[in-house]
Amino acid sequence: MTMQSRLANTLRLAVLPLALAGAFGAAHAQEADAPSLTPDEKAAAKKIYFERCAGCHGVLRKGATGKNLEPHWTKKAADGSTQEGGTLKLGQKRLESILKNGTEGGMVNFDDILTPEEITLMAKYIQTTPDVPPEYSFKETLDSWKIIVPVDQRPKKQMNKINLNNVFSVTLRDTGEVALIDGDTKEIRSIVKTGYAVHISRLSASGRYVYVIGRDGRLSLIDLWMEKPAVVAEVKIGFDARSVDTSKFKGFEDKYAVAGSYWPPQYVIMDGDTLKPLKVVSTRGMTVDGEYHPEPRVASIVSSFIKPEWVINIKETGQILLVDYSDIKNLKTTTIESAKFLHDGGWDASKRYFLVAANASNKIAAVDTKTGKLAALVDTAKIPHPGRGANFVHPKFGPVWATGHLGADVVTLISTPSDDPKFAKYKSHNWKVVQEMKHVPGNLFVKTHPKSKHFWADAPQNPDKELAESVAVWNMDDLSKPVKVINVAKDSGLPETKAVKRAVHPEYSADGTEVWISLWGGKTDQSAIVVYDDKTLAVKKVITDPKMITPTGKFNVYNTQHDIY
Ligand code: DHE
């Protein structure tokens with residue numbers, strides 16, 4: 001496709017009656033000297049902004065993982081200068097260069113994602129005043145709710161012969177689908193239509209249902225017991241979303257589901273097996289610095305095993321909410337101050353502490369779900385990005401939880417507490433960074449497995465193509481350096497392409513013997529998942545199929561259901 005036709009395509013797509021396009025339609029008065037855009041250009045830019053930029057910079061462009069992009073500093077001063085009252089102004093040229101080449105602060109280059117025309121357009125767009133999207137009420141959530149197969153018409157037992165424990169739910173990012181891949185045979189069992197650019201899949205406590213949340217706020221419930229697993233219920237919980245979980249505490253297993261929305265900033269509590277909305281709760285409020293924030297987005301959510309509570313991490317405010325779901329009519333919430341901006345995280349090995357990245361503060365916040373208090377705020381290297389992190393017993397420091405970093409060339413190991421008397425001698429290390437393993441910047445995900453002696457880390461956001469296409473593997477008996485750096489793109493045997501084939505998101509098979517890594521390239525390029533033997537680090541299988549386009553996150557049913565990482 002030529003660059004012109006790509007832009008034309010984008011323009012055509014932008015005028016589609018997307019709920020989102022409508023959502024972002026309420027125009028505000030434009031500042032006099034902002035670059036002018038035709039209505040079609042503006043619609044195209046809005047669509048690109050939502051799909052590529054809003055996640056990091058926010059719809060109001062106030063900044064979070066990415067910088068503030070409000071006109072007061074994106075737009076040059078009226079006299080064309082790049083300084084005004086001591087504030088640096090960016091202007092068209094500088095913005096185009098940032099979009100094209102990325103920044104050292106962690107923003108990737110967009111020249112292999114956007115055309116030059118789209119880059120010019122986006123540089124203009126972000127000098128205009130952001131529109132404030134509309135709200136999304138309980139009624140609209142309820143109106144969007146669809147039961148495709150009612151509970152009483154669903155199978156009473158598993159109707160297929162798939163080893164469900166070892167199914168991988170794989171995000172096909174650019175097609176708005178997930179592929180359900182049989183981990184034993186490596187065959188695609190079903191490709192399911194879902195929301196746009198699905199973010200994560202999470203499992204019901206029972207292991208039967210997969211909850212899949214799209215960036216467009218569409219939540220889909222997939223029943224793995226059907227002969228061919230398919231969506232049985234759906235609801236749109238907002239315009240922009242990233243997280244979902246169910247109630248997992250004893251006696252409440254899968255009674256409720258909860259999904260977090262980026263816009264509007266709120267979370268929705270639903271029936272677990274039908275997704276019928278029950279309650280919408282706003283997350284607007286004060287930051288840990290005592291300032292009101294209009295867009296405090298819901299980042300990661302997990303369900304506690306110790307109490308009937310969800311841990312809901314609010315990005316912009318830096319507040320961690322413990323939401324007690326035992327009485328949702330009289331909802332009780334504990335608000336724990338931590339740091340900004342909260343993003344992703346995972347459990348320690350005991351599943352008592354949840355560790356979440358406060359990425360702009362270069363900290364990991366640890367919540368004690370037993371006492372309902374902050375256990376620690378641990379200083380780390382720049383921009384921690386754990387995914388769910390990884391737990392193992394360090395030969396020198398005992399139980400540790402690991403996070404990688406987008407902005408630093410290390411993997412950080414933090415000592416975590418344990419009630420096991422054999423680990424008592426490590427107590428003095430708890431909540432300290434005990435080791436930084438040398439890696440490269442641009443890491444997104446780390447992974448290990450209780451049955452493995454290996455530790456895997458990717459680097460898909462690294463500006464160097466070779467590094468972005470590779471993963472590093474350590475032997476956990478000696479963590480001084482990676483035992484091997486594996487070029488996954490080369491191992492796949494896929495043809496060379498202009499787009500980088502980012503090696504992303506290592507995920508173990510249920511028995512811990514294989515590691516699956518996605519190759520995330522261009523939408524029109526051939527994609528693959530490369531399966532490695534965890535013991536020998538040799539390629540076991542390259543899964544590739546014309547229908548499997550842009551695979552990113554992969555969620556093994558058993559490991560996700562039991563939070564094994
Ligand atoms: Fe993610 C987890 C937000 C970009 C793949 N991502 C998360 C979580 C959040 C989040 C809040 C935690 C969810 C939870 O545990 O409840 N991600 C964001 C963004 O805001 C951001 C930076 C920009 C955006 O527009 O979305 C972003 N994420 C990406 C990607 O570009 C990735 C690499 C590819 C993709 O498919 O979009 C990506 N994010 C993932 C994956 C997880 C994730 C695979 C789950 C990791 C896990 O193992 O649980």
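User: Where is the place of Pro-264?

Analyst: Please note that this is a predicted model. Pro-264 lies in the loop between strand 12 and strand 13 (266–271).

User: And what kind of peptide bond joins Trp-263 and Pro-264?

Analyst: The bond joining Trp-263 and Pro-264 is cis, with omega at about -10 degrees.

User: What about Lys-340 and Phe-341, cis or trans?

Analyst: A cis peptide bond joins Lys-340 and Phe-341 as well, and its omega is about -15 degrees. Phe-341 is located in the loop between strand 20 and strand 21 (342–347).

User: Next topic: phi of Trp-431, positive or negative?

Analyst: Phi of Trp-431 is positive, near 65 degrees, in a residue other than glycine. Trp-431 sits in the loop between strand 27 (410–415) and strand 28 (433–438).

User: Moving to the ligand, which residue is the protein donor of the iron atom?

Analyst: His-199 is the only protein donor of the iron atom of the ligand, and its NE2 atom is at 2.0 Å. His-199 belongs to the loop between strand 6 (188–193) and strand 7 (200–203).

User: Now helices. At what angle do helix 5 and helix 6 pack?

Analyst: Helix 5 (residues 91–101) and helix 6 (residues 116–125) pack at an angle of about 125 degrees, and their axes are 9 Å apart.

User: Is their crossing left-handed or right-handed? And which residues make the contact?

Analyst: Helix 5 and helix 6 cross in a right-handed way. From helix 5, the contact involves Gln-92, Leu-95, Glu-96, Leu-99 and Lys-100, and from helix 6, Ile-119, Thr-120, Met-122, Ala-123 and Lys-124. By class, this contact of helix 5 with helix 6 has 5 nonpolar, 2 polar and 3 charged residues.

User: How do the axes of helix 3 and helix 6 cross?

Analyst: The axes of helix 3 (residues 39–57) and helix 6 cross at roughly 90 degrees and come within 10 Å. Helix 3 and helix 6 are therefore roughly perpendicular to each other. On the helix 3 side, the contact residues include Ala-44, Ile-48 and Cys-53, while those of helix 6 include Leu-121 and Tyr-125. The contact of helix 3 with helix 6 divides into 8 nonpolar, no polar and 4 charged residues.

User: Last one: how many aromatic pairs are found in the whole structure?

Analyst: A search of the whole structure finds 14 aromatic pairs. One of them is edge-to-face: the rings of Phe-252 and Tyr-325 have centres 5.4 Å apart and planes at 70 degrees.

User: Where in the chain are Phe-252 and Tyr-325?

Analyst: Phe-252 is in the loop between strand 11 (240–246) and strand 12 (256–263), whereas Tyr-325 is in the loop between strand 19 (319–324) and strand 20 (332–337). The pair links distant parts of the chain, 73 residues apart.

Methods
Residues are numbered from 1 along each chain as its sequence is written. This is a predicted model: local features need pLDDT of at least 70, side-chain atom pairs count only at pLDDT 80 or more; totals for chains, interfaces and linings use all residues. Side-chain values use heavy atoms; hydrogens and water are left out. Donors are N, O and S atoms within 2.8 Å of the metal (3.2 Å for Na, K and Ca); water is not among the atoms, so sites may look incomplete. Helices (H or I, at least four residues) and strands (E, at least two) are DSSP runs, numbered from the N terminus. Axes are lines fitted to C-alpha atoms, for helices over the stretch in contact, and angles run from 0 to 180 degrees between N-to-C directions. A crossing is left-handed if the near helix is turned anticlockwise from the far one by less than a right angle, and right-handed if clockwise. Contact means heavy atoms within 4.5 Å. Ala, Val, Leu, Ile, Met, Phe, Trp, Tyr, Cys and Pro count as nonpolar, Asp, Glu, Lys and Arg as charged, and the others, Gly among them, as polar. Rings of Phe, Tyr and Trp (its six-membered ring) pair if their centres lie within 6.5 Å; planes under 30 degrees apart count as stacked, over 60 as edge-to-face and the rest as tilted. Angles under 35 degrees count as roughly parallel, over 145 as roughly antiparallel, 65 to 115 as roughly perpendicular and the rest as oblique.
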